[in-house]
Amino acid sequence: MTIMETRKHGSAADGLVGGRLSRFEGDLKVTGAATYALEYPVDGLAHAVLVQSTIAAGTVVAVDASQALAVPGVLMVLTPEDDLGLMTASDWYGNRPENQPFLPLPREVTYNGQSIAAVVGESREQAIEAAKLVRVIYEEKPGIADIDDAKAGKGKLMDNLSVAWGDAEAAFAAAPVRVEAEYRTPREYHVAMEPHGLTAKWDGDQLTVWEPSQWTHGMQRNYAEWFGLPIENVRMISPFIGGGFGSKGVALPYGAVAAAAARKLGRPVKLAVTRPQNFTSYGGRAATRQTIALGATEDGVLQAIIHRGANETSTYTDYPEQTGAATPILYKVENFSSQSRVVPVNTVTPGALRGPGKNPSAFGIECAMEELAYKLGMDPLELRLKNYADHDYQSGKPWSTRQLREALTQGAEAFGWSRRSHEPRSMRDGRQLVGWGIGCGTFPVLRAPSAAMIRILANGRVEVVSGAIDMGQGTYTILAQTASEALGVPVDQIDVVLGDSRLPGSAIAGGSMLAGSITGAVHKTAAAARDELIGLALNDPNSPLRDTGANTLTVSNGRIASELGQGPALSLPELMAALGRTEIEVVRNTLPEDAQSLTDQNAAWSSMARVQGPTMGDYSMHSWCAHFAEVRVDEDFGTVRVSRIVSAFDCGRLYNPKMVESQWRGGIIMGIGQALFEEGLVDGRNGRTINNNVGDYLVPTNSDIPHIQVISVGVPDHQASALGGKGVGEVGIVGVAPAIANAVFHATGKRVRDLPLTLDKLL
Amino acid sequence: MTRTIQLTLDINGHSHELDVEPRVTLLDALREHLLLTGTKKGCDQGQCGACTCHVDGKRVLSCLTLAAQVEGRQITTIEGIAAENGDLHPVQAAFLEHDAFQCGYCTPGQIMSAVACIKEGHTGSDEEIREYMSGNLCRCGAYNSVVAAVREAAEAAR
């Protein structure tokens, strides 16, 4: 068992891949010097404030802006009357509808909280005051508030998500032991600490956007297409992002409003989306419903899994939150059936939130497995091991690596699972009922081509340059480590420059695909830079290493020398001076040889077209985890506290365990929030999000969180990535909520299948 | 409202002249008018703690404080706690060592709260640290490391 003990940094290994180097950009963050999107000083700034709809559905008949325009300092009010001249942009995969106007302030209202007007003023205070004075006259239509609204219906079947093998219905009917239940998750929100917003500035037909971005090249393309500009005319700048969790991967309507206002006014515009407006300016995780039926033999061998899922979507886009995503791959089963539906309601289109699909999916299957264990009278750990999937039964392919058995057994050992008493309500501590539960999680390995640049400067410093971003995952840190190892240069001699669409393109920081993709590109580029350096040192007429007779040279600890010690050992500045070079610049990418044209490259960096899924090769590739949760439930009040968590992960090789452990814990903590607190509440009369602030939409505070022990059981997976890692960021949350729900059942004997696990459901 | 008022604010030991509307908050005065952007805006309604600063050594939420309220008082922000020579404050160093942040957006507020928490003497146990650091939300979930950093900095200060 490899328990990750916290270790002081300073070891010689810290600068290499796998070392526990402290956060590379950490000094900037602890001193307040890291500059986030809305913090760039721009001369002549005007401030825009959004006005959002107050009805669920209908038409804006008229907007009376006269009072708003009379407020001193107000420069402009944009309404649905204004033709902003924008065209709809491509979707994530690069598909674009032809000649379809884009209306970021539409006349047709499809949800409460939709932006329908914007006020621009000299100061933010003036714009806020004026925004309250904008009068909107609607023609209201009946709306569908949410998935539980009687008018919502059963929704549409998503045929592309139907999965089946064997004969699940027959096997279920024939199974001697059966469980079947419905599991429900509510709307959940990202609540990144940095609210969304941007500053947009035009210089002629050049647009600069400072906006938090999980994908600078993707959002660059988005703005370019809206405004009909060549892609290179747009620059997205985003070196620091105050959390994203899936919410900052695409440009959103408010961005178009700010950029259009800036163009109309002829001066830069800053638009800060308020915290309440963040709840409807983009979608959180959709509310989900799923029925799971499990059939098993009397000794606990799974015979059939039947899954029927549904999630809310908007009335204008079908967004599937795939509640059947984890169901087929966690266990060995010969008969399987899954179908998913989307239910249109009057909401903003839901979006990807940490562990999309897999997260609510695991809530279903992992609760159902424990329900089966109790029905069988079997230890839930034993049931999971008994039905261990030796390969991927969905694709039929072997796993690249799957250390889920190790995660279960080593997690159980660290947790002390063998001391568990099986019966519900059989463990207590005074008035506190104590319960233990397990939840497994998974997330697929996604990969995308990426590019990087290495610049070796005359002063010996090495720049690693990429348009990739760091929103806290540790991109700066692991790229410094990757370049240090591949080049043979100490990490303190390296600078990392990220977060700008003018830099080489990169995978999105989403779907846990960035680290594996961009370290591969940087490793390749750094190795090429090292080769170029060695080539110059061996062949350049001015190189002191030219006549040493060495066939090759090594670069180690920032010095270049022959392996046998012939000739001098030169530092990089010494070699660069001898060569008379001010810099050596090397750019490489991981696109195939036949896809290196500029068109191919632009498409690769700004769309998902070349993303590789988990089963596109010979193997089925995924990250895995097992969470062990202990809860204490107050017998009188029904309050639930999580008192202990042990989680074991297989994420392959860890590029920097210190950063990885932080991400794992972060995912687990978000999972605790999901289990106990988080729930978007909708007013059934008008579709309004009632708790649109962080005092009412509760996210975990420090005092809600116990010490969390995380364990790595992974092994390097070189099918999954160049350096052997699998995804880290998403998987941490997957399986946490069911582990806690299962622990609450063990503590209380009450099975709550409807998140969050609030006290009213336990009394 | 267009009337402005003249204010002199003492921030991090330096005097700053301001000509702002009376409704401007301390947070917006810092971020929009003085380019002291280390103090963060997470909610603008007193719920998240990202805007935590010190006024006369006590932690306050600068989004719920008008700039005009703090004239003549000593304001300290994240930019003002490191040593003159640039050495990190022990709490800043502990946050870096323990990886007590990821995205870094709540971090200035966490650190300003932590400095005050230690000064207040609310670091007797991990439970006490958790409770007195609970006004500062961290969505990345660095809470375990925040507790470890505050504990270590508090021990070093004893």
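**Figure 1. The annotated hammerhead domain of chain A in the predicted model.** The unreviewed UniProt entry places the feature "domain: Aldehyde oxidase/xanthine dehydrogenase a/b hammerhead" at residues 31-142 of chain A. Over residues 31-142, the chain is 30% strand and 11% helix.

**Figure 2. An open sheet of three strands in chain A.** The strands follow the order β4-β2-β6, and their pairing is antiparallel. The edge strands are β4 (108-109) and β6 (135-140) of chain A, each of which pairs on one side only.

**Figure 3. The pairing of β2 with β4 in chain A.** Strand β2 spans residues 58-64 of chain A. Two bridges join strand β2 to β4(A) in the antiparallel sense. Within β4(A), V109(A) is the bridge partner of G58(A).

**Figure 4. The side of chain B that touches chain A.** Contacts link 46 residues of chain B with 47 residues of chain A. Four helices of chain B, namely α2 (90-97), α3 (107-120), α4 (126-132) and α5 (143-157), each supply at least two residues of the side that touches chain A. Helix α5(B) gives the most to this side, with five residues. By residue class, the side of chain B that touches chain A divides into 23 nonpolar, 14 polar and nine charged residues.

**Figure 5. Confidence in chain B and in the model.** Chain B has a mean pLDDT of 97, and 99% of its residues reach 70 or more. The model scores ipTM 0.98 and pTM 0.97. Where pLDDT is low, the predicted coordinates should not be read in detail.

Methods:
Residues are numbered from 1 along each chain as its sequence is written. Chains are lettered from A and ligands numbered from 1 in the order in which they are written. This is a predicted model: local features need pLDDT of at least 70, side-chain atom pairs count only at pLDDT 80 or more; totals for chains, interfaces and linings use all residues. UniProt positions are given in the numbering used here, feature names are shortened, and annotations may be inferred rather than shown by experiment. Two strands pair if DSSP finds at least two bridges between them. pLDDT is the predictor's confidence in each residue, from 0 to 100. Two residues are in contact if their C-beta atoms, placed from the backbone, lie within 7 Å. Ala, Val, Leu, Ile, Met, Phe, Trp, Tyr, Cys and Pro count as nonpolar, Asp, Glu, Lys and Arg as charged, and the others, Gly among them, as polar.
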